[in-house]
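Colleague: I'd like to go through this protein with you, step by step. Can you put it up on the screen?

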Amino acid sequence: MLHKQKELKAIYITLMLLFVVFLFTPVALLFAQSFQNEQGITFSHYAGLLQDKIFWKAFFNSVMVSGCAALCTTILAFLLGYTIHFTNLKSVWKKQIRHIATMPMLLPTITYGFAIIYTFGKQGLFTKLFGVQLFDIYGFCGLLIGYIIYTLPIGFLLMDNTMKFIDKKFDIVSRIMQDTKSKRLWMTIIMPMIPTLAASFIQSFFLSFTDFGIPASVGGEYDVVATLLFQKMLGSVPDFHQGALIAVMMLLPSIFSIFILRYLERFQIKYNKSTVIELPKNKCRDYLCFTISVCISMFILSIFAVIFLLPFMNAWPYACSFTISHVIDTLSNQNLIGIYRNSLFVSLLTALFGTMIAYSAALTNIRSQLPSCMKKSMDVIHSISNTIPGMVLGIAYLLAWKKTPLQNTFILIVICNIIHYFSTPYVMAKSALGKMNAGYETTGMLMGDSWFQTIRRVVVPNSKSTLLEMFRYYFVNAMVTISALIFIVGANTAVLTTKIKELQHFAKFDEIFVLSLLILFTNFIVTKVISLLSQPCEKMHMKIKKGVILMISGCILLFTFAYAGTKDAIVIYSNGDEEALMAMKHALDAHGYENQYILQSISTSELGGKMMAEGLDIEADIITMSSYYIDSVQQQNHMFVDITFPIQSIHATPSYALPLTALEGAIIINTKVIREQHLPIPASIKDLTKDIYKGYISTPDINASSTGWLLVQSIIEAYGETQGKQILQKLLDNVGPHLESSGSGPVKKLRSGEVAIAYGLRHQALKDKENNLPIEVIDPIEGNMQLSESIAVLDKEHQELAMEMANCIQTYARKELIQIYPIALYKGETADLNHASRYPKQYHEALCVELLKEHQKFFKECQNK
């Protein structure tokens, strides 16, 4: 027994070290960051936050919509669980209800918002079917629907698991005592489930409270704290101290919920055994529950129907003919194969080591005689990991592990996933181990087995089904998670969910849905394999089936781990559009650099945040970015080397950067929607302030997009700050819920028919017009403001090869780029006048981050009029 205790203590100490290093330390550093500024320790951040109306509005909005979603989820999950366990429906119906209820957990949350837009939007599937938009999807309603779909699987699994163990004989006793129906329901079902109902509400609340993907798509004017946090950490001008403060404030509900769950544990009812009885016949009950469950199931399926439909349409909603070209083009992308391998690699490692860690933690709690304080410490860790927001954990890891060997590594991603999803597998293991005979280890010791031998030979085989379910839970969640990973992935460690976020930047929704289906099918296959492996193996055909399953699993493992090592390639970070990325790729591949680089697309705000935060420790060797940002970062971090080849640029450039493209802003219209809504065609930005355009305009937010800055520059340059403020205030009032966090966001809504007018990048509209979409460009009389982008080489080990590639891009990619961005940047270049803007203009001041901050303040004042 003493030897056993030593082994268990060793396991306990190892686990505690893991959680101290990778849970408590990062969160503590995050907490410390919230008290710091450039001068040192300060409480001014907290004092300022107490007076920040924007934060408190977003915070209470999050609490309100998350609370409503959690309440709805808990009620719906209870009804589905009740249908399965307390009605006499046929098992085939119960099985289908269970499958549909858990289906959303097989998809990433970032997809839900897009699915809602293409289902209930102005050009959505249901809107087309019914001929009218059922409700406004932007704001509270859209968030509520998205959150309910997102959290329903977790709530249902909690209900389903608890209802399995409710002893139904007490229902018979209650009937014999002639209790009323309401009293019988309360005493025999609801009372035993109070802790589960509370757990369902709390888990659903926190999943909604911390989700970023759904608000990014359908949040509209309804600000929530998750988007505010993302904007502070990875906005166009990041503020890490303020972001850390908001992250700490997001922990307050977590702390409160831990005490609630601890208090409700005293109401836990334990049964000696669960009696299997035949439920009383009640057709009215069965039909009512069946109808409710079918309605819930049909609603879920209708939301996800577009995910299966849109990838096979030429161009929804303008050309609805069938095609498989989107699927073929997406899946034939060689870069995607590597990213898919990354996802499998991360998910398998997370599932394997996560299961081992959660099971070992449960062993120290249930199968040991360790002091109660040690056991309770594991339960405390479980409670903390259960309630800590994924975004907060990701930010804590970003701050704790930047400039370390763990930065941008698979190891850090796997550990983050294990810590983030530790709670549920730990509870699963505790439940299974607690039901086993307590004397297994003693018997094994008397027979001469070591403690490890007893665990391996007896305890683990008796936990087989639980271990497989733990593995499945970790794998599925690692495949779909994004909230924490967006802060810690790199070019070599990108996964499918971060690829989806990248495609959102380009508004490539066909590809987004294809990748979502790829994730869905992968999780479905793994779930089926786990389900088959969990079944008893009594007949020979089952053994053969398991052999086939193991062969398939082995092939997946070989495919995945063959990619475990990453190539020593030049990493190029770019905020460029898809057209710019393809031009760079064509130039590099055609001149001998194929397979020697990784071209990673990142939005302007995220790349700017990484450059400011990481400096020379950033993963990239080459960066293409807005020129003003490169200049500002160079002044702060001194991270770029001088260009070593001649630059024949028209305008003067700094020694460390060379111009790559020049972007122009413009008004863009959807001619089809303009005609349908009988709207006049605007000629200027000022025209967009007319009441007739209210609700039909989309513009980018300057706080998250440099395209939004072009709009503000045009207004201030043409009208000055005083009159410009009046114009921008009225314009934002007309924009309403269609203020987008990315430069391509307005164009995305314009293509889908959600709005009639957008302010965006001129070249994107020209491309859409060439692709026969009903898109036209209007050059505003205030001017087509320009924003140049440059390429720079970082002062790193491989800078000579990186400099060669930069020279190749500048020399050969420009021939293709000037056809897309018709502005001459180098001597001897000529742009196509047919594509040139009517009113090209540059802002009267040199662009820099400080000027951007001033214009952001101007924009904020107009928002909060």
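Modeller: A word on axes before we start: they are lines fitted to C-alpha atoms, for helices over the stretch in contact, and angles run from 0 to 180 degrees between N-to-C directions. Helices (H or I, at least four residues) and strands (E, at least two) are DSSP runs, numbered from the N terminus. This is a predicted model, where local features need pLDDT of at least 70, side-chain atom pairs count only at pLDDT 80 or more, and totals for chains, interfaces and linings use all residues. Residues are numbered from 1 along each chain as its sequence is written, and side-chain values use heavy atoms, with hydrogens and water left out.

Colleague: At what angle do H15 and H26 pack?

Modeller: H15 covers residues 283-309 and H26 covers residues 509-534. Their axes lie 8 Å apart, and the angle is about 110°.

Colleague: So are they roughly parallel or roughly perpendicular?

Modeller: Angles of 65 to 115 degrees count as roughly perpendicular, under 35 as roughly parallel, over 145 as roughly antiparallel and the rest as oblique. H15 and H26 are therefore roughly perpendicular.

Colleague: Is Asp 779 buried or exposed?

Modeller: Asp 779 sits in the loop between strand S12 (775-778) and strand S13 (784-793). Buried means under 20% relative accessible area, exposed over 50%, partly exposed in between (1.4 Å probe, protein chains only). Asp 779 has 9% relative accessibility, so it counts as buried.

Colleague: Which side chain does Asp 779 join through a polar contact of 2.8 Å?

Modeller: A polar contact is a pair of N or O atoms within 3.5 Å; within protein, one must be able to donate a hydrogen and the other to accept it, and residues adjacent in sequence count only if both atoms are side-chain atoms. Asp 779 has one of 3.0 Å with the side chain of Asn 784. The one of 2.8 Å goes to the side chain of Arg 762.
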